[in-house]
Every structure is written in structure tokens, then in C-alpha cells.
Protein chains: 2
Amino acid sequence: MRNIKLVIEYEGTNYCGWQIQPNGPTVQQVLQEAIARMTGHPVHLIGAGRTDAGVHALGQVANFHTSCRIPLEGFWRGLNGLLPKDIVVHSVEEVPLDFHAQFGAKGKTYRYQILNRPSPSAIHRNHCWHIPHPLDRAAMEEATRALIGRKDFSSFQGADPEPTGSVREIFQAEWSTEDPPFLSFTISGSGFLKHMVRNVVGTLVEVGRGKSSPEDFIRIIAAKDRRAAGMTAPPQGLFLVKVDYE
Amino acid sequence: MRNIKLVIEYEGTNYCGWQIQPNGPTVQQVLQEAIARMTGHPVHLIGAGRTDAGVHALGQVANFHTSCRIPLEGFWRGLNGLLPKDIVVHSVEEVPLDFHAQFGAKGKTYRYQILNRPSPSAIHRNHCWHIPHPLDRAAMEEATRALIGRKDFSSFQGADPEPTGSVREIFQAEWSTEDPPFLSFTISGSGFLKHMVRNVVGTLVEVGRGKSSPEDFIRIIAAKDRRAAGMTAPPQGLFLVKVDYE
């Protein structure tokens, strides 16, 4: 038996997210079917984390077990030949049998791209949140600093409480304009609650628009109540950049 | 009568190029129809230059004449509301009656994006040419310098000779990796022959792959013969960045 680790890029626009579900095509399902055509047997693909419909990944990680003996480079080429062009496998690696893409993840990095100018973008329309209003970047950066550290992020969680609790550690969070035309938010942490990055960005944008202050943002975290926070940023600006393991 | 100048961004993927033609939808046609719905009368839209099927624009320029009195900001908002999301009007400006987007253009800038790594990109698949082979960037840069100046570029023209001859002036041409993950080629000139940028890039990539040398590239220009040059780079890597006027 072999355990195979994949690093995967995908454009989420045409998928109902990562995880298999009955309403439409998902990235996990399309990958599992392509892998099964290579291995000759059904596989269960374990992803590092779920992504919502419309969310993208530059470096999603997944693993599966197989008895097939296809060499790794042939597997990589064959898989990319079978997959639709909006899913690309960057690497195929054999890892120890106990490697688990979800439980073994020690950290994740996400990027959220905002397009802050009067007109939307034709080229980047599926890869950013277009905000035509002015944003106070200094206020957003001040609020962002309050995210760093090990905290209870209940205020930014999705509708349902998580079985693993709501405490996570944020290692780094910052805004940058180094990748024009975007204002990009990069955040790294031990893990993220469902919808957490989108809820954080939506709430920080309200700070940027002057609807709340950096002090309000600190109070929102302390409230540990989803109702205290702002809107959920739309999915198409979000990218899972990478997943780190020991 | 008013003369209206538009600056337009579009994703060329779903269009048969800029110019109206019978085989399928074009950017000019979609824009003309949206403008006519605003003005209440048919218009003829003059573009700064044609772009091929699959080629994109960040700053295409076009103008049209109209008797309608819609204020410019309302026109801009209304037009973007009517247009599909892969065509965006960035600005609407009233210009002197003799302004002509094609004949008045004094210079154009194009960018060509290459993705030079083993795997293709899911996210950027419609915005670059994926080249998995190593490229000798120093050789490509040496060859590129031979483009600068006022020259006969017959070797890089499309199949048919142009009515305006084949002499053009190239102001600037350079390669950059400042916009990751791309290796980008930016070229500015007084004007460009049909397919010229794609033919130049295709020929420079052959230099990069070691199939020809920078000296060969100089001889290719001097030959003034399309058969001397290399392949035509695919359309999806090309962007019309901007058009300059006096």
C-alpha cells in the first residue's frame, strides 16, 4: 500500500466547493474520479480543508491510499491530462502511510484579494471582491493587528459551532498592494473556522469604510458572538495559498 | 453632436476578437449594442486597434459620435450595467469632434505573459502561455534589444501585407518577473503589424529554448521574410495594455 500526497491548484468558479455533495460538481469528486481512472480502483481523497463554492486554491493538499504502482511522474502527467483545465496537480509525492492531509496540517495560509477602484475588472472578475468605495487602509491595518495570537474566534465562525472548538492561533495577518491591481490580505494560522477568513475580511472592510473603528473590531473579537461581526466577504476573492506540515 | 472616448478592459476568451465579423460575438459588436441602448440610435464604434480572438485588453480605446445628451457619469454607470462582466468600461470622456481612436493613436503598449514552470495554472489558464521547458532569459533579453528602433518588421507580420507598409518604431521592449508567477514581455511602439507581438514572442521563445541564437534573431529581422521567423505565440497570453494619444 502507498500513501500519495498531492498539491493542487484550482479555480473554484465552476465548482460547489471542495467537498463531495449532491448539488453539483465538486473539486474532490472530479479529482477522485480522475485518480480512480489512473489507479484502477476507487480512492478516498482526504483534503487538508474544505473550501466553499467559488473559493480558489493555489496549494490545496490532499492524500489517498493506493495499491497501484504507477511511477510518480507518470501519475502527475496522466492526472493533469485527465483533469479539466481548472484543476491542476502541481506535485505527486509518496509519503509515510500515517500522513493525513487534514489532521497533520500544522498551519494554513489564505489570501483574499480586493479590487479597490471605481470600475470592476473584466480580466479578474472571478478572483476578487470589487469595492468601489474608498477604504481607510491604516484603520484596517490597525484592526488587523488584533487578530494575531491564540484566541477564541467565535465571532467569525459560520452558523454552526465546530466540533474542535473555536480557539485558533493566528501567526500573521497583513495587507499589501504589492500584487497590483489588488489590495491583498494574507493570513496564516494554525487553522481556521468555517467562513472565518471571509467573515474577518468582511468585518475589516467595514472598518475600512468607516462603519466601525479598530476599537470596535477589538470588541467584536472579545464578544465571541457571530452577530457582533460584519458581513461575509464574497467567495471569489479567497485563495487557499498553502498548507504546512511538520 | 458629441464625440465620446471610452477606455475599455475585456477578457477576450469568449469573443472572436475585437472587430465585428459573421462567425461569432465580438467585443466591438457587444459594445455597440450596449451603447445604442443608451443613446437610442445606432453608433459606429472606432477602436484603436483590432485584437485577435482570445486576446485581452486592459486599456483598449474607442470612440463614437452621438447626439444624445446623457451625462458622462450616467453613461459610464449605465454602460457597465448593460455589458456582460467580461467587458468593463473604465472611463467615458467627451473629446474634440476630430479625435479618432485609430488614426490618432501615437503609441501602443502590449504585454505578453508566459508561465514558465512544470505545471500549467488552473487560475491563470486563459491569461498566459504555459511553457514547461527551461528558457534562457539572458539570450531572450539579448535578442529583444534588436527590436528597438524604427525598422521594417515584415518578418513578423501576418499572412497579408499591410496597406500602411511594414515599418514601425519600437520604443521599448523588455522581460520582467515582477508580476509572479509570470515571465512578462512588455513592448511599446508607434504601431504594430497584424500578429506582430505574437510572432515576436514566438520567435524569442525559440531563442530562449536554444533552437536559435540572439544572432539568428537579428538575421530574422534583417530577412524581412515571415518564413524566417518562428511560431506565432498563442493568443491568450497577450494583453493590449494602453494606447497613447498626443
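Visitor: How many helices and strands does chain A have?
Guide: There are five helices and ten strands in chain A. Keep in mind that this is a predicted model.

Visitor: And how compact is chain A?
Guide: Here you set the radius of gyration beside what the globule rule gives. For chain A the radius of gyration is 19 Å, close to the 18 Å the rule gives for 246 residues, so chain A is as compact as a globular protein of that length.

Visitor: Is the crossing of helix 3 and helix 4 of chain A left-handed or right-handed?
Guide: The crossing of these two helices of chain A is right-handed.

Visitor: Which residues make that contact?
Guide: From helix 3 of chain A come Arg137(A), Ala139(A), Met140(A), Ala143(A) and Thr144(A), while helix 4 of chain A brings Leu204(A), Val207(A) and Gly208(A). Sorted by kind, the residues of this contact are five nonpolar, two polar and one charged.

Visitor: Now the two chains. What rotation superposes chain B on chain A?
Guide: A rotation of 180 degrees does it, with 0.0 Å of shift along its axis and an RMSD of 0.0 Å. That is the relation of a two-fold axis. In chain B, the C-alpha nearest the axis belongs to Asp179(B), 3.6 Å from it. Both copies use the same surface, too: 100% of the contact residues of chain B recur in chain A.

Visitor: How many residues does each chain put into the contact?
Guide: Chain B gives 18 residues and chain A gives 18 residues. On the side of chain B that touches chain A, the elements giving two or more residues are strand 1 (2–10), strand 3 (56–66) and strand 4 (87–95) of chain B.

Visitor: Which element of chain B gives the most to that side?
Guide: Strand 4 of chain B does, with three residues. By kind, the residues of the side of chain B that touches chain A divide into seven nonpolar, six polar and five charged.

Definitions and conventions
Residues are numbered from 1 along each chain as its sequence is written. Chains are lettered from A and ligands numbered from 1 in the order in which they are written. This is a predicted model: local features need pLDDT of at least 70, side-chain atom pairs count only at pLDDT 80 or more; totals for chains, interfaces and linings use all residues. Copies are superposed by least squares on the C-alpha atoms of residues with pLDDT of at least 70 in both. Two residues are in contact if their C-beta atoms, placed from the backbone, lie within 7 Å. A crossing is left-handed if the near helix is turned anticlockwise from the far one by less than a right angle, and right-handed if clockwise. Helices (H or I, at least four residues) and strands (E, at least two) are DSSP runs, numbered from the N terminus. Ala, Val, Leu, Ile, Met, Phe, Trp, Tyr, Cys and Pro count as nonpolar, Asp, Glu, Lys and Arg as charged, and the others, Gly among them, as polar. The radius of gyration is taken over C-alpha atoms; the globule rule is 2.2 Å times the number of residues to the power 0.38.
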